Amino acid sequence: MQNKGFIRLFSILLTIICLYCLSFSVVTNYYSRQAKTFANGDNEQYYKYLDSIAGKKVWLGYTLKECREREINLGLDLKGGMDVTLEISIPDILIYLSDHNNSAIFKQALDNAKKRNTADFLTAFKHEFERIDPNARLSTIFSTLALKDKIQLGFNNAQVIDVLRGEVKSAIDNSFNVLSSRIDRFGVIQPNIQRLGGEEGRILVELPGVKEPERVRKLLQGSANLEFWETYTASELTGVIQQADATIREIQGGKIDADSTSVAATAQNTANTNETVQTNDSTDSDTLSQALKQTLAAEKSAASEITDEKAYQEALINNPLIAVLGGLQSGNSPVVGIVTARDTARVMSYFRMPQVSRLLPRDLKLSWTVKPAFEAKETTDNNDRYALIALKITSRNGQAPLSGSVVTDARVDFDQTTNQTLVSMKMNSEGASVWGRLTKANVGKSIAISLDNYIYSYPTVQTEISDGVSRISGRFTPEEAKDLANVLNSGKMPAPAHIIQEDVVGPSLGQAAIRNGLMSFIAALIIIFIYMIVYYGLVPGLIADVVLVANSFFLLGILASFNAVLTLPGIAGIVLTLGMAVDANVLIYERCREELASGKNLKKAIEEGFRNALSAILDGQITTLLIGIILFIFGTGSVKGFATTLVIGIFTSLFTAIFFSRMLFEFLLSSKKEWKITFTTNLTKNWFKGFHFDFIGKRKMGYIISTVLGLVIIVSLLVNGLKPGIDFSGGNSYVVRFEQPVNADEIREKLSGIFEGHSLYVITMGEANQIRISTNFVDEKGADNQEGVIETMLYNGLKEYLNPVVTQDMFVHRYVNRSGTYQLANLEEGSNFGIQQSQNVGPTIASDMIKRAIWAIFLSLIVIFIYILIRFKNYAYSVGSVASLFHDAFFMVGIYTIFYKIMPFSLDVDQSFIAAILTIIGYSINDTVVIFDRVRENLTLFPKRNMREQMNNALNVTLSRTFSTSFTVILVLLTMFIFGGEVIRGFMFALLMGSLSGVYSTLFIAAPLAYDIQRKQRAKEDKK
């Protein structure tokens, strides 16, 4: 082997680099164990401990924080946490850039463009705008004060779109920065945020270890649209409310609204008026207290009390609006009603009635408080009540007079008197000036503070505030105040980010995945080690085993150097890579054995064996590499993790098999000891020797079997169809663990009524007490509220399987049973119950995944066709290869359509389904290329042999290699199927069946088709 010194030096350097990269994981694991010991199961204390030593130098001059940034990151399926895909709405950005233009053509063009559901929204918007009015000019809409230097009135529509494209990109970049800033302040260790490319404005956020998904949703989806509004007083609207009430009574004709679902309610009229905006020189507390008491007394005396069910039902007939508003409000408070949560939608429907809306002042805007004015525990009917606030529009464009863009600093503060949590904020000079005028004009009145269209506070102004230093109060918890301050500090997004896909994985499910993944990894390694020794002898087997260990070490080290995220499918990719890496060693050993059989000495046989196996190894690995690259480009999430390890594993496999193992053999041969290496054992030396099967002669039988199988699959597709997973259909999926074993069919029957009209799929996941529930249910309120609604439906539907003391919060966030005492689970308790994992996928991203999956399969076949054509210079090999690959892909579809109703594990058509198809395509083409490589070699050595003999010879000579590789891969897949856990069991089953199909298609489809095509080619040449 030439350049032995370079290979040796490269191996040493690569080993040192991998040791260096992996050392950070060892160090961080040590400190993580210390943190867990210190926290004693307390999640908050665990993170506090790690934060406290984050700046401490712990290894090679690096701080713990820097070490954590360099360790191998565990994916959410292994560590637990939250994975969110967000989408920034381009229509909302355009509305923002137009300064909220209200023209009909603008609104209509936006609506029409949304319906077209195209990736290039701006082009669709321009097309729709010009279709509605060919003479209309976009410059009249977008030549706003903010864009006056970029868009002039004389610009044509194409020029405006070019400017808008840059502005949209800038807005998405800004949103990315805003989200990054918020996440950095959230306190999550090793967060990952990345743009997913394209103009869709998609952003992937991974938050390991998160235990408060709802808090994360609010933080990520809020646009930080802070606004300060002037308000009406309830007294100013008394007459209007009475007129509206009379109008609604007349419309209903003395009947209660049919949509009414309210029960007996006690009207609560006390507004939350004890909130004040203060300067650093606050008003005297005694004077303020007296003013508050007078306000409360005035409002209570004017309130209409409804104290029993009969009176309430009568009020609904006589005063339908006033009744649901909780009485006729009065005084200086901006509260026009305090409404039960279930009646909020009905109240707004009243105000939207054309007959009612005409009565309302044109400058009136109604908004709800973000938190209940009165919580259920404070009411007699166990209903939260929200205050309806009357805002006054004072600008021509309908926007608030002051926005949060003027805020320069925000931080959590506390009221020294009441110890109430507040948010202190400072404004810039422009904001301070406007704030001063606003507070001066509204002394004695309330100013409402709105964030993302919900009212957080509506304090009464006591005095003019001229320095721009203010405090926001709103009965915040410390966490809520911290999040609000973070949002304000990190800036404002021009459009809110909407969650279109979401995965939440519980830590216990992650721990089980790690355990199962490691078990399958170790078991697969042991099986491969034993097989290589048994089949090829002690010395070659041990060298192959050392090479595989080195391959695993280099693979993990490179993953660490790239800061790649290791997921469970990633572990599957590593193990499958090892199984396929054996193929390179097998090819070399089979060639060495052939050279020894031809009479060459050991040194020459090894040299020739490595040289002759090189082309087959390269062709096989490169074709698999191409599939891995396509998977990486078109896959997302777990599929991309699988592809990452597969691609890196191919490079490490090539290096270790071709160079590292050769170096080990040469080291042995350089010693004085006489080595007797035969690359076989007494058990295997006669395997396949003299074996000859007429594969080409039996090809028609293979064609018939494949045709019959294809017809069976088609019938199954027509009868059974395929079960689309959440990835492709959109919807929600939950893994739920119970204290006792449950019956999946029984639970499906219980939940079918709750999810009536929607698909519902319930299967057992591993243990008998764990199930997965999937549904395409979409709540009418939209994705923002969808998950909470479904969680409530699940809790209500599954109550009889839970202990009566288990609350919905426990069920959703996981709980434990400590000797009959039920509590929320903490960090250390892996054996907990409730929802272990949840996944939410919006229809938009589901549609995109289907397109990407189709492109991935289509491109993989094209790439393979072109590569084989280039390498073998005859389209017969390309046609045979692609036909066999199509056969394997269709067979995989058959596996899913035939068995998804039978198997006790998931066989959904999702990203894993696509990964399985492409993996089998990569594996199958590797097998096919080895056969064709031998045919190409035989044609060079024996050009006068007929094609039938050449093809049969190639198939039979390589049969030993086919058996060894296939047997090893099947053993690995079977091991992972048994030990790998429920998360990947369906995936492993598909790969197991697909590997069998790959061997069959190589022997009975690819080679026979290539033979038939070449036979016809030669027949045409003979005629000429």
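Modeller: We begin with a cut-off: buried means under 20% relative accessible area, and exposed means over 50%. Bear in mind that this is a predicted model.

Biologist: Is Asn956 buried or exposed?

Modeller: Asn956 is found in helix α32, residues 947-957. Its relative accessibility is 8%. The limit is under 20%. Asn956 therefore counts as buried.

Biologist: Which residues is Asn956 in contact with, leaving aside its neighbours within four places in sequence?

Modeller: Asn956 belongs to helix α32. With those sequence neighbours set aside, its contacts are Phe691, His692, Phe693 and Phe695.

Biologist: How many aromatic pairs does the count come to?

Modeller: Rings of Phe, Tyr and Trp pair if their centres lie within 6.5 Å. By this rule the count of aromatic pairs comes to 41.

Biologist: Take Tyr531 and Tyr535. What kind of pair do their rings form?

Modeller: The ring centres of Tyr531 and Tyr535 are 5.5 Å apart, and the planes are at 25°. Planes under 30 degrees apart meet the cut-off. So the pair is stacked.

Biologist: What separates Tyr531 and Tyr535 along helix α19?

Modeller: Tyr531 is buried at 9% relative accessible area, and Tyr535 is buried at 1%. They are four residues apart in helix α19, so the separation is about one helical turn.

Biologist: And Phe554 with Phe655: what kind of pair is that?

Modeller: Their ring centres are 6.1 Å apart, with the planes at 65°. The cut-off here is over 60 degrees. So the pair is edge-to-face.

Biologist: How many residues apart in sequence are the parts that Phe554 and Phe655 tie together?

Modeller: Phe554 counts as buried at 3% relative accessibility, and Phe655 does so at 12%. Phe554 lies in helix α20 (residues 538-561) and Phe655 in helix α23 (residues 638-669). The parts tied together are 101 residues apart in sequence.

Note on methods
Residues numbered from 1 in each chain as written. Predicted model: local features only at pLDDT ≥ 70, side-chain atom pairs only at ≥ 80, totals over all residues. Heavy atoms only, no water. Helix = DSSP H or I, 4+ residues; strand = E, 2+ residues; numbered from the N terminus. Buried < 20%, exposed > 50% of the residue type's maximum accessible area, 1.4 Å probe, protein only. Contact = heavy atoms within 4.5 Å. Phe/Tyr/Trp six-rings, centres within 6.5 Å; stacked < 30°, edge-to-face > 60°.
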